[in-house]
Amino acid sequence: MHQRRGPFDLWAPKPSRVRLALGPADATEVVEMVRGDDGWWTPAEPVPTGGEVDYGYLVDDSDTVLPDPRSRRQPQGVHERSRTYDPTAYTWGDGAWTGRQLPGSVIYELHLGTFTPEGTLDAAIGKLEHLRSIGVDLVELLPVNGFNGTHNWGYDGVLWHTVAEQYGGPAAYQRFVDACHQAGLGVVQDVVYNHLGPSGNYLPVYGPYLTSGRNTWGDSLNLDGEGSAEVRRYILDNVTMWLRDYHVDALRLDAVHALEDTSEVHLLEEMAVEVAALSAHLRRPLTLIAESDLNDPKLVTPREAGGYGLDAQWSDDFHHAVHVALTRETTGYYADFEPLSALAKVCEKGFFHDGTWSSFRESDHGVPVDTEHMPTWRLVVANQNHDQIGNRAVGDRIAEVLDDDQLACAALLTLAGPFTPMLFQGEEWAASTPFQFFTSHPEPELGKATAEGRIAEFAKMGWDPSVVPDPQDPETFRRSKLDWTELSSGRHAVLLDVYRRLAALRRTVPALTDPAFTSVSCTADEGTRVFTMARAGTRMVVNFGDEPADLTVDPDLSVLFATPTGAELLPGGALSLPPHVGVLLG
């Protein structure tokens, strides 16, 4: 933790003068601030600290009041004055909560703005029982910090210590986490430290927060240059804020491959050290999950074994292998996953690209997983997520092109496979609504640049620009909202039953949460397109082909689960699988 500072203290080594503006715009009191040798400014005279206070800063000779980089609230938007918020004033009801470990858990990823019609934290509380019914253990929220406009995915955020007022602000966030804990659910918060949004980022006015380089999404953070110690502290204090002040159980770290850090101790390792210390103090599990494009297990290798010590990382290779096996789509980064053997390798080895040639990247990619020692739960996998749906030209879900059995096979592979499963909002009932890329930049030129940049970014995927929805069109956002009236009818009810049955099996069949890579053995018949996975006394069989398949299995096994069409298992172990059907035997 950083040394204790006053509520209005400000790190701003760049300006030569800073004044604190207290109160609303029509009744502002201006207080001079004094700079210390460390670049921190403190009010030159006593200021009120009780209750909620609107405030901001006048930098140098400007008469524009800027928000606090560590602001907890922005009730009028990211360009306006900050408002104090005391998180300790909330009375928590989760005193019996002892946390939720990642091993054995199921994650459910959701975007607050589209998860319910209201699009708020309080409305999401009303859906927690539904999540419990499908075996969810951890609820993962896409980024919630402040952003300019009325709606977006969350990755254009600024003012990282805030909770967007659109979702209900910090008080509603505390109510949501509290309700989750009382329902037996942990909370994962998606956070972005590799860039800031393009509107409302005033950090460069105050100090050397950014470097001269850029990544795909914006300016990179200064993690290893002059002044970087305070920039790193800014990030690390944000990490502990979510876990301590808001009782969050885990953080999902967005695109850590874009963090440029040549320091002796990488920022990610420093995070792991501080979070482990906080976990010990709070006496509950605290988890760090990285999204990484590197396919490098160093991220999740314990520090004592030379790694960074994070708990888990996403494995997109699993998604790609399942997606290609089911849809036969092989454009762009899907090309290398065309053989069914790619799925077998991912399930046995963790990564498909583990030092192999990636045709999409046009280079060798990845590092092998130490399958003798690393537990499988360190890899978080999904057959759908916000990226893999939203980063399609029209944001279409696989439910649009797959039948019920194929969707059930996707669920079977994810929930009964060896890794930590993550579901994406609505997949459990084959939601008909897309999840499209939407923005609401008030600046027209920024909206236009975002749309054009997105098409350019995915040029290798062969998008037809004429079919890509306009991210700035409010209808793009509205059509992405889940339709909760679908659950009880047709294929939606069929798939919901599939997820509930698989959830029950995860709770009762120990093999499904066995973390040993060495227990996983797969086969892939490229001719019949039959895939099998033997694991700790169970056997999964999936017919990805368009023709019936017959094979012989251990006669002592029985059917624990079958996709909707069903399969015939005769005495003696003769198994007959219709096209697209999957079974779990045990």
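How do the residues of the lining of the second largest pocket divide into nonpolar, polar and charged? The answer is 12 nonpolar, 9 polar and 12 charged. Here Ala, Val, Leu, Ile, Met, Phe, Trp, Tyr, Cys and Pro count as nonpolar, Asp, Glu, Lys and Arg as charged, and the others, Gly among them, as polar.

Some ground rules. This is a predicted model, where local features need pLDDT of at least 70 and side-chain atom pairs count only at pLDDT 80 or more, while totals for chains, interfaces and linings use all residues. Residues are numbered from 1 along each chain as its sequence is written, and side-chain values use heavy atoms, with hydrogens and water left out.

Helices (H or I, at least four residues) and strands (E, at least two) are DSSP runs, numbered from the N terminus.

Now stay with helix 6. R233 sits there, in residues 228–244, and E274 sits in helix 7, residues 267–282. They form a salt bridge, with the closest N and O atoms 2.8 Å apart. A salt bridge is a side-chain nitrogen of Lys or Arg within 4 Å of a carboxyl oxygen of Asp or Glu. So the pair ties together parts that are 41 residues apart in sequence. Buried or exposed? R233 is buried, at 12% relative accessible area, and E274 is buried too, at 19%. The cut-offs are under 20% for buried, over 50% for exposed, and partly exposed in between (1.4 Å probe, protein chains only). R70, R233, D237 and E274 are linked in a network of salt bridges.

The count comes to 28 salt bridges. One of them joins R507 and D137 at 3.3 Å, N to O. R507 is in helix 14, D137 is in the loop between helix 3 and strand 8, and the two are 370 residues apart. R507 is partly exposed, at 48%, whereas D137 is buried, at 8%.

Which of its residues are buried? L138 and E140 are buried on one side, V139 and L141 on the other. Two strands pair if DSSP finds at least two bridges between them. Strand 7 and strand 8 run parallel, with 4 bridges. E109 stands opposite E140 there. Strand 8 also runs parallel to strand 9, again joined by 4 bridges. L141 has Q189 as its bridge partner.

Last stop, strand 20. Of its 6 residues, 5 are buried. Strand 20 runs antiparallel to strand 19, with 6 bridges, and antiparallel to strand 21, with 6 bridges. T532 is the bridge partner of T523 and stands opposite V541 in strand 21. The hairpin of strands 19 and 20 has 4 residues between them, and R529 in the turn has a positive phi of about 60 degrees. The hairpin of strands 20 and 21 has 2 residues between the strands, and A536 takes a positive phi near 50 degrees.
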